[in-house]
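Q: Could we go through this structure together? I would like to start with the strands and then turn to some individual residues.

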Amino acid sequence: MTDAGWSRRRFLGATAGVVRFAGAASLGSVLFPAVRARAAEIRTTDLGGLFLLQGAGANVLALGGPDGALMVDGGLAEHAEALLAAVFEATGNDRVHTLINTHWHPEQTGANELVGRAGGVILAHEKTRMYLSHLWYSGTYERIEPLPEAARPNKVTRGDGSLEFAGQRVDYGYLPQAHTDGDLYVHFPELDVVAVGGVLSAERWPLIDYRNGSWYGGRVRALQWLAELVGPDTQVVPADGRVMTGREVVRHRDIHLALFETMIGYMNMGLGYEDVVELNPLEEYEAEFGDASAFLDGAYRSMTIAYVPE
């Protein structure tokens with residue numbers, strides 16, 4: 001369904017290469033001289049056979065396999081060496097077979113160059129490859145330079161798909177216009193874990209990058225889909241912060257769906273961005289997620305670009 005055809009009623013209804021590095025025991029002295037000093041910055045948590053690594057600029061997932069590790073997101077480039085060392089220590093691998101980028105922001109793509117130059121698979125939405133191939137300006141970053149060719153995704157998707165990795169089915173799906181316009185979720189159904197990138201956060205109001213294809217309706221639609229995907233106890237890994245549960249995803253869906261309806265009313269009243277911020281319909285949640293003014297401003301601006309109220 002295209003956004004141009006939406007109405008409020010319709011809305012509401014609505015692995016070939018491997019990365020080969022030196023043996024894990026020699027990483028610090030041979031390839032990455034700074035790794036040992038930085039490795040302590042990366043915290044590793046076992047989510048039941050799937051490892052969560054934090055401290056590299058974003059939440060990263062890693063799964064060990066016979067031909068190398070699978071990673072979901074890659075942190076910031078300045079932490080890539082330390083992150084890969086931690087991945088190898090956790091998984092017992094000495095290579096990365098596949099890296100999935102949930103979207104194109106720098107916190108997700110910092111390991112791309114090391115993985116890509118060594119011949120690994122980098123999987124992302126085709127819009128993510130487009131952004132990583134050109135100069136862009138986003139809602140958070142003044143200027144984002146294109147990545148080298150080797151760091152760009154070499155396997156792209158336009159929608160949903162799946163792959164088999166180390167005996168596990170790994171599903172991925174497109175969340176159009178939710179955080180950027182190239183967002184993927186990554187689902188490990190047998191482990192009951194799903195990575196959702198920048199679409200959700202347990203600790204803050206996530207960015208809506210409306211300058212690059214995101215809008216608030218896309219965010220709400222994504223939350224509706226994710227709420228159907230998860231179970232109450234599913235471990236949900238956002239781009240940053242603590243791991244969430246499926247119950248929390250359902251709660252976030254309800255909060256944001258109610259706000260979407262409120263925003264439609266504001267548009268029909270002819271209110272401006274500053275009016276919405278002053279009214280602050282999210283005030284009751286600020287103790288939990290922080291000041292909502294920037295989020296409300298961005299969400300409302302995105303709606304004035306993408307939505308025509310009835």
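A: The discussion below concerns a predicted model, beginning with a sheet and ending with residues in loops.

Q: Which strands make up the open sheet, and in what order?
A: The open sheet has 6 strands in the order 8-9-10-11-12-13, with mixed pairing. Strand 8 (161-165) and strand 13 (244-245) are its edge strands, each pairing on one side only.

Q: What packs on the sheet?
A: Helix 8 (residues 216-229) packs there and touches strand 9, strand 10 and strand 11. The direction of helix 8 makes about 160° with that of strand 9.

Q: Let us take strand 10. Is it enclosed or open, and why?
A: Strand 10 (residues 183-188) is largely enclosed by the rest of the structure, because 6 of its 6 residues are buried. The cut-off for buried is under 20% relative accessible area.

Q: And which residues lie on each face of strand 10?
A: D183, Y185 and H187 lie on one side, while L184, V186 and F188 lie on the other. Both faces are covered, as these residues are all buried.

Q: How does strand 10 pair with strand 9?
A: Strand 10 pairs with strand 9 (residues 168-175) in the antiparallel sense, over 5 bridges. Within this pairing, D183 in strand 10 stands opposite L175.

Q: Moving on, where is T234, and what does its side chain reach?
A: T234 is in the loop between helix 8 and strand 12. Its side chain reaches the backbone nitrogen of G231 at 2.8 Å.

Q: Is T234 buried or exposed?
A: T234 counts as buried, at 1% relative accessibility. Leaving aside neighbours within four places in sequence, T234 is in contact with D192, V193, V194, M244, T245 and G246.

Q: T245 came up there; what is its bridge partner?
A: The bridge partner of T245, in strand 13, is Q235. Strand 12 (residues 235-238) and strand 13 pair in the antiparallel sense over 2 bridges.

Q: Finally, where does N93 sit?
A: N93 is in the loop between helix 4 (80-91) and strand 5 (96-100). N93 is buried, with a relative accessible area of 10%. A polar atom of the N93 side chain lies 2.8 Å from the backbone oxygen of G65.

How values were computed
Residues numbered from 1 in each chain as written. Predicted model: local features only at pLDDT ≥ 70, side-chain atom pairs only at ≥ 80, totals over all residues. Heavy atoms only, no water. Buried < 20%, exposed > 50% of the residue type's maximum accessible area, 1.4 Å probe, protein only. Helix = DSSP H or I, 4+ residues; strand = E, 2+ residues; numbered from the N terminus. Pairing = 2+ DSSP bridges. Contact = heavy atoms within 4.5 Å. Axes fitted to C-alpha atoms, helices over the stretch in contact; angles between N-to-C directions. Polar contact = N/O pair within 3.5 Å; in protein donor to acceptor, adjacent residues only side chain to side chain.
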